[in-house]
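Biologist: I would like to learn how to read a structure feature by feature. Please give me the general idea each time, and then show me the case at hand.

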Amino acid sequence: MRFRASPELIAKAAGILQKGRLVAFPTETVYGLGADAFNARAVAKIFQAKKRPSFDPIIVHVADPHDVRLLWKRIPKTAQLLMKAFWPGPLTLVLLKTKKVPDIVTAGLDTVAVRMPNHPMALELIRKLGRPIAAPSANVFGRTSPTTAEAVRENLGKKVDLVLDGGPCAVGLESTVLKIENNKAILLRPGGISVEEIRKFTPVVIHKREGSVIYSPGQLPIHYAPKTPFRLMDKGYGEFLHDLKTAFDQSRKTHTVWPRIGLLSFNERPKSKYFKAVRTLSRKKNLNEAAANLFEAIRKLDKMKLDFIVAERVPRNGIGLAIMDRLQKASGGKKGVKY
Ligand code: TXA
Ligand code: MG
C-alpha cells in the first residue's frame with residue numbers, strides 16, 4: 001500500500017527524533033511537526049521552524065493511554081471516561097502537568113494538553129521512539145494546517161528533517177481541546193469530536209474569551225489564514241448571489257474590472273460567471289466530508305492569484321462548529337464582501 005511506512009522508515013524517523021531533530025508525521029486530524037516531548041532543546045526547534053510565539057503551548061501525543069501518567073499529575077474520573085470513549089481519536093485533554101514535562105512544551109503553564117492520535121504511522125513512530133511526541137500542526141504559525149505531506153513541504157521546506165507521508169488526513173481539521181477542571185469539561189477549541197458527542201459522557205462548558213486573558217493561547221482571533229483575503233458570507237447563498245449579480249451588472253455598466261473571486265462552497269452550486277474558481281466541500285452536504293476537504297480546498301484556492309476568497313457558511317451542528325470556527329478565524333472576523 002502506498003501509505004504504509006516500512007519498519008526501516010519508522011526506525012529512521014525515530015532516530016531523527018532521538019537526536020533532537022524534527023519529523024513531520026500524519027495523524028487522523030492534520031499533519032504534526034514532532035519533537036521528543038522530553039527534550040526541551042528539540043521542542044525549541046519547533047517554535048523556530050513554525051515561527052510560533054513562545055506563549056503558545058504544544059500538544060503532547062501518546063501511543064498508549066497509560067503513558068498519561070508520565071505527563072499528568074492526577075487523572076480525574078471525567079478524563080478517564082473521555083479517554084476510554086474517544087482515544088485513539090481527535091480529542092485533546094488539558095490537565096495539571098508533572099514535573100517531567102518541560103516548561104517550553106506548555107509555554108510555562110501548569111497544565112499540559114495530551115492526546116492519542118488515531119493513525120497507525122503516528123502510533124508506530126511514538127512507540128518506536130519510546131517517548132511521547134510534542135507536535136503542533138506542521139504549518140507556519142497562523143496559516144492553515146496541512147492535511148497532506150505536500151502541504152507540509154510547502155509550509156516548512158527544509159526546516160523539517162523528514163516528512164512521513166500517510167496520505168490525506170481523514171478528519172481534516174484539528175482535535176477538540178477540552179480542559180478538565182474540578183471534573184468539569186471546558187471547551188477550548190472545537191474540533192474533530194463534536195460537543196454533542198462529548199455531552200453523551202459529561203456536561204461541557206463552552207469557553208468564551210475573558211477580557212484580554214487568552215485562556216487557550218492558540219485561540220487567537222486570526223489564525224488558519226490563507227495569503228489571499230478571505231471573507232465569510234454574512235447571508236445565505238441565494239441572497240449573496242443576488243447581491244453579487246447587482247454588483248456585476250454595475251461593473252459592466254461602468255466598465256470597471258470585475259475581481260477574481262474564489263468561492264468556497266459547502267455543497268455543489270451551478271456554474272457561475274462571477275467566480276474565477278470554485279471549490280466544493282461536500283457535494284452531498286456531509287459535514288465530515290466537508291471538514292476533511294476544508295484545508296486542502298483553501299490551500300488550492302490560495303494558489304490561484306485571486307483577489308479574494310469568499311466562503312459559504314455551514315450548519316453549526318456536529319463538526320460544523322469546528323468548520324465555522326476555522327472559517328471565522330481564516331477571515332479574521334471579516335464578513336461580507338466589498339467590490
Ligand atoms: O489535531 C491536533 O490537535 C493537531 C495534531 C498534530 O495533533 N495538533 C494541533 O496543535 O492542532 P496546535 O499546536 O496547532 O494547536 C494546539 C492547541 C492550541 O490552541 C493551544 O493553545 C492549545 O492546543 N493548548 C495546548 N496546550 C494547552 C494548555 N496547556 N492549555 C490550554 N490550551 C493548550
Ligand atoms: Mg495549529
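Biologist: Let me start with one side chain: is phenylalanine 240 buried or exposed?

Modeller: Phenylalanine 240 counts as buried, because its relative accessibility is 5%. Buried means under 20% relative accessible area, exposed over 50% and partly exposed in between (1.4 Å probe, protein chains only). Please keep in mind that this is a predicted model: local features need pLDDT of at least 70, side-chain atom pairs count only at pLDDT 80 or more, and totals for chains, interfaces and linings use all residues. Residues are numbered from 1 along each chain as its sequence is written, chains are lettered from A and ligands numbered from 1 in the order in which they are written, and side-chain values use heavy atoms, leaving out hydrogens and water.

Biologist: How many aromatic pairs are there?

Modeller: The count comes to six, where rings of Phe, Tyr and Trp (its six-membered ring) pair if their centres lie within 6.5 Å; planes under 30 degrees apart are stacked, over 60 edge-to-face and the rest tilted. Tyrosine 237 and phenylalanine 240 are a tilted pair, because their planes stand at 40°, with ring centres 6.4 Å apart. These two residues are about one helical turn from each other, because they sit three residues apart in helix H8 (residues 237-253). Helices (H or I, at least four residues) and strands (E, at least two) are DSSP runs numbered from the N terminus. Tyrosine 237 is buried too, at 10% relative accessible area. Elsewhere, ring pairs gather Phe248, Trp258 and Tyr274 into a cluster.

Biologist: How should I read the strands, and in what order do they form the sheet?

Modeller: Two strands pair if DSSP finds at least two bridges between them. Here 10 strands make an open sheet with mixed pairing, ordered S7-S1-S2-S6-S3-S5-S4-S8-S9-S10. Strand S7 (162-163) and strand S10 (204-206) are at the edges with a single partner strand each, so each has one side without a neighbour in the sheet. Further in, S1 and S2 run antiparallel and are joined by three bridges. Alanine 24, for example, has leucine 33 in S2 as its bridge partner.

Biologist: And where is glutamate 28 found?

Modeller: Glutamate 28 is in the loop between strand S1 (23-25) and strand S2 (32-36), and with a relative accessible area of 6% it is buried. Leaving aside neighbours within four places in sequence, the residues in contact with glutamate 28 include Gly89, Pro90, Arg115, His119 and Cys169; contact means heavy atoms within 4.5 Å.

Biologist: Charged residues come next. How many salt bridges does the count give?

Modeller: Side chains of opposite charge can pair when their charged atoms come close. The rule asks for a side-chain nitrogen of Lys or Arg within 4 Å of a carboxyl oxygen of Asp or Glu, and the count is 19 salt bridges. Arginine 115 and glutamate 28 form one of them, at 2.9 Å from N to O. Arginine 115 is in strand S5 (residues 111-115) and glutamate 28 in the loop between S1 and S2, so this pair ties together parts 87 residues apart in sequence. Both arginine 115 and glutamate 28 are buried.

Biologist: What about aspartate 161: how far apart are the closest N and O atoms in its salt bridge?

Modeller: They are 3.5 Å apart, and the partner is arginine 21. This pair spans 140 residues, from aspartate 161 in the loop between helix H6 (149-156) and S7 to arginine 21 in the loop between helix H1 (7-18) and S1. Aspartate 161 is partly exposed at 37%, and arginine 21 is partly exposed at 33%.

Biologist: Which residue meets glutamate 296 in a salt bridge?

Modeller: Arginine 299 does, at 2.8 Å from N to O. They are three residues apart in helix H9 (residues 287-302), which means about one helical turn, and both glutamate 296 and arginine 299 are buried. Salt bridges with shared partners connect Glu150, Glu154, Glu296, Arg299, Lys300 and Lys303 in one network.

Biologist: Last, the backbone: which residues does the cis peptide bond join?

Modeller: Most residues other than glycine have a negative phi, and most peptide bonds are trans. The cis bond here joins tryptophan 87 and proline 88, with omega about -5°. Proline 88 is in the loop between H3 and S4. Lysine 51 is not a glycine, yet has a positive phi of about 55°; this residue lies in the loop between helix H2 (40-50) and strand S3 (59-61) and is exposed at 58%. Lysine 285 also has a positive phi, about 60°, and is exposed at 51%.
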